[in-house]
Amino acid sequence: MSARRVDWVDTAKGICIIFVVMMHSVLGVEAAAGQTGWMHVVVAFAAPFRMPDFFLISGLFLSNVITRDWKLYLDRKVVHFAYFYVLWMTIQFLVKAPVFIEETSVRATVELYFLSFIEPFGTLWFIYMLPVFFVVSKVAHDKGVPWQLVLAVGALLQIAPIHTGWLLVDEFAARFVFFYAGFVFAPQIFALADWARERIGISLACLLVWGLVNGTLVYAGWAHLPVIALVLGAAGAGAIILTSALIVKWGRLGFLQHFGENSIVIYLAFFFPMGVTRVILLKLGILDIGTTSLIVTLVASVSPMILFWLIRRTNIGWFLFRRPAWAYLSGTFGGKRQAQAAE
């Protein structure tokens with residue numbers, strides 16, 4: 001299976017990154033305002049599948065690289081994400097440090113910064129977790145651990161009520177099964193997308209049934225329960241795959257594919273325009289909470305793409321979204337890789 005760009009995969013990533021930005025934007029606005037708006041319903045509906053689908057898609061092409069030697073694998077799947085995590089964690093920290101210092105102290109703020117190297121910071125936990133998943137998957141592969149066993153353990157961890165308070169532990173337990181499923185079931189997932197393109201009517205009917213079930217369980221407050229959460233995560237990931245395949249077949253909403261191609265750009269940079277827009281709109285106080293949340297989501301989603309466009313036009317600031325040569329392990333840097341943005 002080729003790792004070249006796949007239209008429906010990028011579209012699915014585009015949908016997911018918008019849902020991620022929406023979640024942070026809406027909950028941030030509601031927390032600051034002390035009340036909820038109509039966008040809260042959308043965020044709640046997407047909660048069961050938002051991150052499971054993102055991790056499942058992240059594992060789709062793992063089979064292409066999992067047999068690489070450890071040095072190259074670590075460079076591409078660990079050092080790559082570590083560079084962007086440390087860079088953008090530091091940027092976020094510099095922006096938020098004055099608030100932290102005011103609320104606590106300089107010492108506590110410095111301690112929090114260094115703690116962020118072992119406890120994922122803020123919105124960046126996704127790219128912190130990915131290297132962990134990549135390493136665990138390769139260790140299991142190289143040791144010959146049956147994929148059925150790894151998948152079963154991942155499912156048990158997801159079902160188990162693991163709430164240690166440490167994000168690294170809790171999110172590993174909750175998300176690894178979806179990442180590994182993307183790796184193991186990649187051929188079936190691609191076949192599902194092809195199936196959806198050829199059976200539009202049946203696909204739409206499946207999506208309708210899924211939407212009703214997902215919405216009902218969310219409304220009833222059962223979506224987070226053990227086993228149900230696992231099933232809804234898997235079903236929701238399948239629904240996003242069907243939806244993405246149908247969107248590509250329809251030939252519209254091409255911006256979703258573009259967003260998906262650059263999803264990591266949006267993920268890394270959306271926090272600042274989100275925060276600024278939220279503060280401005282709430283101070284103005286001329287819009288309801290739901291509409292405010294929607295505008296914050298739109299600005300936070302589009303602004304990173306504008307920044308990326310400016311970088312491409314000016315050729316200044318590439319370090320924000322591309323690893324410089326010094327950030328590669330020795331002997332792993334290549335010209336083609338240098339020309340690629342973060343992915």
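I took as buried any residue under 20% relative accessible area and as exposed any over 50%, with partly exposed in between. I note that the model is a predicted one.

**Entry: isoleucine 118.** I located isoleucine 118 in the loop between helix 5 and helix 6 (125–142). Its relative accessibility is 49%, so I recorded isoleucine 118 as partly exposed.

**Entry: nonpolar patch.** I then found Ile118 in a nonpolar surface patch, along with residues including Phe114, Leu115, Phe117 and Trp166. Together the patch residues have about 930 Å² of accessible area. Helix 4 (70–103) and helix 5 (106–115) are the elements that give two or more residues to this patch. Helix 5 supplies the largest share, five residues.

In helix 5, I looked up glutamate 111 and arginine 107, which lie four residues apart, about one turn of the helix. They form a salt bridge, with 3.2 Å between the closest N and O atoms. Glutamate 111 is partly exposed at 45% relative accessibility, whereas arginine 107 is exposed at 65%.

In helix 6, aspartate 142 and lysine 138 are also four residues apart, and their salt bridge has its closest N and O atoms 3.3 Å apart. I recorded aspartate 142 as partly exposed at 40% and lysine 138 as buried at 2%.

Arginine 76 and aspartate 75 meet through their side chains at 2.3 Å, N to O, and both residues are buried. I traced a salt-bridge network that links Asp75, Arg76 and Arg323.

**Entry: helix 11.** I noted that helix 11 (residues 228–250) spans 32 Å from its first C-alpha to its last, close to the expected 33 Å. Just after helix 11, glycine 251 has a positive phi of about 80°.

Terms used: Residues are numbered from 1 along each chain as its sequence is written. This is a predicted model: local features need pLDDT of at least 70, side-chain atom pairs count only at pLDDT 80 or more; totals for chains, interfaces and linings use all residues. Side-chain values use heavy atoms; hydrogens and water are left out. Patches are made of residues with over 30% relative accessible area and no salt bridge: like charges are joined within 9 Å, nonpolar side chains (Val, Leu, Ile, Met, Phe, Trp, Tyr) within 5 Å. Accessible areas come from the Shrake-Rupley method with a 1.4 Å probe; for residues, only the protein chains shown count as cover. A salt bridge is a side-chain nitrogen of Lys or Arg within 4 Å of a carboxyl oxygen of Asp or Glu. Buried means under 20% relative accessible area, exposed over 50%, partly exposed in between (1.4 Å probe, protein chains only). The expected span of a helix is 1.5 Å times one less than its number of residues.
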